[in-house]
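Here is a short note for a colleague who is opening this model for the first time. Please keep the structure in view while reading.

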Protein chains: 2
Amino acid sequence: MTNNDLSYGMLDRMVGLELRKAQTLASQTFLRVLEGRILPGHFTILVLIAHNPGQSQSRIAEAAGLDRSSLVPILKHFDNNGLIQRIPARHDRRSKTMAITPKGEDFIKKYTGEIQKLEDMLIKGLGRENHAKLSELLIQFQNLLKRDS
Amino acid sequence: MTNNDLSYGMLDRMVGLELRKAQTLASQTFLRVLEGRILPGHFTILVLIAHNPGQSQSRIAEAAGLDRSSLVPILKHFDNNGLIQRIPARHDRRSKTMAITPKGEDFIKKYTGEIQKLEDMLIKGLGRENHAKLSELLIQFQNLLKRDS
DNA sequence: AGAATTTTGTTTGATATCAAACAACTTTAT
DNA sequence: ATAAAGTTGTTTGATATCAAACAAAATTCT
């Protein structure tokens with residue numbers, strides 16, 4: 001009986017299901033608080049590019065937990081709007097190096113406060129220790145599943 | 001530095017991002033182990049119906065963390081394949097009561113072993129205490145976000 | 001009782017995502 | 001050096017999901 005009064009049977013406390021429900025709620029909360037002005041995944045991509053200039057698309061995609069192909073329309077959008085720049089990599093003619101633009105930096109700054117406030121709300125709600133423990137366990141969980149894939 | 005050697009900047013250890021990455025990996029692992037014979041969400045729905053006969057679609061959807069509308073094609077599929085039965089509810093003429101069929105029970109049994117084995121792998125990999133703590137924190141996280149929505 | 005509101009299941013777009021295939025290119029093996 | 005295998009970014013097709021709108025029915029309010 002995790003939720004309401006419905007029985008989950010063998011599903012009770014299974015991590016996969018709880019992950020999916022938690023993730024859905026987190027995403028919806030983000031969208032609601034940010035009023036749809038930016039998608040959580042898009043913000044992630046932009047910050048990753050800003051903090052790791054000169055990386056390939058594949059590496060950024062992997063760090064964001066996205067497929068390479070999912071990145072293409074996102075980057076096209078950022079490029080069209082002048083938030084990032086794509087420069088052909090010197091040593092690899094297939095690869096395109098990406099860098100944030102000043103406009104992109106402004107964009108990140110514009111939303112950083114609200115997003116940090118949302119995270120602070122989570123920290124306050126869970127307690128600082130629990131919040132840290134949750135992050136840690138989620139990372140451990142990922143490392144576990146990344147091995148055999 | 002949670003992943004690889006890329007920097008996450010302000011995103012480091014943010015729960016939302018770690019949740020999304022963990023959830024994606026969990027889903028992919030499930031699909032790979034079950035070889036696509038059943039989707040995680042579909043199995044969830046079926047077990048929920050089995051353990052909570054006579055519930056409305058809306059309640060099942062909520063318990064599974066899905067939108068009502070997302071349930072419609074899933075239930076249609078289960079109904080067409082004889083895994084569930086849909087009976088008009090007595091006291092509410094809008095509502096359709098659902099129940100598992102013997103064939104549906106067989107279907108659940110068929111995959112229960114493999115899915116439990118997958119969860120056992122997670123328990124073993126994380127450690128029993130960490131696994132329990134992760135479930136608990138995920139549920140706490142959901143309760144936190146459910147309040148103000 | 002009657003009107004206004006809410007709820008239920010559904011349909012209809014919209015979209016985020018992946019997986020597979022592809023050409024161009026690089027790296028590795030022979 | 002040449003062939004084989006792997007990688008990069010992209011296109012294309014499939015699909016899971018949601019959100020908004022809807023009619024029918026139930027509930028609440030006055």
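The points below go from the chain pair to the helices and then to the DNA.

1. Basis. This is a predicted model, in which local features need pLDDT of at least 70, side-chain atom pairs count only at pLDDT 80 or more, and totals for chains, interfaces and linings use all residues. Residues are numbered from 1 along each chain as its sequence is written, while chains are lettered from A and ligands numbered from 1 in the order in which they are written.

2. Chain interface. Chain B puts 57 residues in contact with 57 residues of chain A. Contact here means C-beta atoms, placed from the backbone, within 7 Å. On chain B, H1, helix H2 (40-51), H3, helix H5 (102-126) and helix H6 (128-147) each supply at least two residues of the side that touches chain A. Helices are DSSP runs (H or I, at least four residues), numbered from the N terminus. That side of chain B holds 26 nonpolar, 23 polar and eight charged residues. Nonpolar covers Ala, Val, Leu, Ile, Met, Phe, Trp, Tyr, Cys and Pro; charged covers Asp, Glu, Lys and Arg; the others, Gly among them, are polar.

3. H1 against H1. How do the axes of H1(A) and H1(B) cross? They come within 9 Å and cross at roughly 140 degrees. Axes are lines fitted to C-alpha atoms, for helices over the stretch in contact, and angles run from 0 to 180 degrees between N-to-C directions. H1(A) and H1(B) are therefore oblique to each other. Angles under 35 degrees count as roughly parallel, over 145 as roughly antiparallel, 65 to 115 as roughly perpendicular and the rest as oblique. The crossing of H1(A) and H1(B) is left-handed (near helix turned anticlockwise from the far one by less than a right angle; clockwise is right-handed). Residues in this contact include Leu19(A), Phe30(A), Leu19(B) and Phe30(B). The contact divides into ten nonpolar, four polar and two charged residues.

4. H2 against H3 in chain A. H2(A) and H3(A) pack at an angle of about 130 degrees, with axes 10 Å apart. That makes H2(A) oblique to H3(A). Their crossing is right-handed. H2(A) brings Gly41(A), Thr44(A), Ile45(A), Leu48(A) and Ile49(A) to meet Ile60(A), Ala63(A) and Ala64(A) of H3(A). Six of the contact residues are nonpolar, two polar and none charged.

5. DNA strand D. The surface near DNA strand D has four nonpolar, ten polar and seven charged residues.

6. DNA strand C. H4(B) gives the most to the surface near DNA strand C, with four residues. Four nonpolar, ten polar and seven charged residues make up that surface.

Terms used
Two residues are in contact if their C-beta atoms, placed from the backbone, lie within 7 Å.
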